[in-house]
Each structure stands twice: as C-alpha cells, then as structure tokens.
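Please consult the sequence and the model alongside the points below.

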Amino acid sequence: MANVKETLNTAISSIDGAMAAALVDYESGMALGMAGSGLDLELAAAGNTEVVRAKMRTMDMLGIKGEIEDILITLQSQYHIIYIVPDRSLFLYLVLAKDKANLAMARYKLKSLVAALSIN
C-alpha cells in the first residue's frame, strides 16, 4: 500500500507526459496532496470538484445508476483526467501533456495506483 505522497509522486514519475497530480476530497474541494507543476493545483482541485459534483447531479436527475469511473477533459495541448476513488469521496486529478501521453496507459496506471492507495 502506498500513501498519498508516494502515489502522487509515482503518478508523476511513471506516467508518460504527466505534469501535475492531486488527490482531492470532492466534498470539501480541498487537495489532500499535490505533486508536479504547471498550474495552480489548489485552484484546479476546487474547480474540478465542481465538475464532479455537476456530473453526479446530472446522473441523478437522469436516473443513471452506477458510479463514475473517470472524467476526461481534452484541451488543445493537455489531457486532464479526474479518476474517482471507489467507495470514497475522493478523486485523483492528473494533468498530461497531450503530445507525450498515452491516454489508455495513463488511465490503466491511474486505476492501479488508486487500488494500492492507503489513506490513514
């Protein structure tokens, strides 16, 4: 099991194109940990909390059952992945340089990192 800091550092060092990562509590919008650079991760944590909450509200209004696995935001030069931690009110946020990233591999690695995450 890996702690928050180890998980975020592993995401940055082992996922091609990774620029920044944060573990965020979507009930409060606060980051539990941050790694990398290139953007204001505290602001990103708060803003992406609103994205997660909006999607959850929309699913509820539409009567869609099940859980969100991840949300992908594609920008001109970046991918932003919001990976929901199962059975917790947390998400792992990852920013990737689009020209250096393998999106499928990044999503696969995020899933395994979250599975090994230990939060005390």
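1. Which residue of E4 stands opposite Ile71? In E4, Ile82 stands opposite Ile71. The model is predicted, with local features requiring pLDDT of at least 70 and side-chain atom pairs pLDDT 80 or more, while totals for chains, interfaces and linings use all residues. Residues are numbered from 1 along each chain as its sequence is written, and side-chain values use heavy atoms, without hydrogens and water.

2. Strand E3 (residues 70-74) and strand E4 (residues 78-85) run antiparallel, joined by five bridges. Three residues lie between E3 and E4 in this hairpin. Strands (E, at least two residues) and helices (H or I, at least four) are DSSP runs numbered from the N terminus; strands pair if DSSP finds at least two bridges between them.

3. The open sheet comprises five strands in the order E2-E1-E5-E4-E3, with antiparallel pairing. Its edge strands, E2 (30-36) and E3, each pair on one side only.

4. Strand E1 (residues 18-25) pairs with strand E5 (residues 90-97) in the antiparallel sense, over seven bridges. Leu23 has Leu92 of E5 as its bridge partner. Helix H1 (residues 4-14) packs on the sheet and touches E1, E2 and E5, where contact means heavy atoms within 4.5 Å.

5. Among the residues that line the largest cavity are Ser14, Asp16 and Lys109. Helix H3 (residues 103-115) supplies the largest share of this lining, three residues. A cavity is a set of points on a 1 Å grid over the protein atoms alone where a 1.4 Å probe fits but cannot get out; lining residues have an atom within 4 Å of a point.

Note on methods. 1 Å grid on protein atoms, 1.4 Å probe; cavity = no way out; pocket = protein on both sides within 12 Å on 5 of 7 lines; lining within 4 Å. Axes fitted to C-alpha atoms, helices over the stretch in contact; angles between N-to-C directions.
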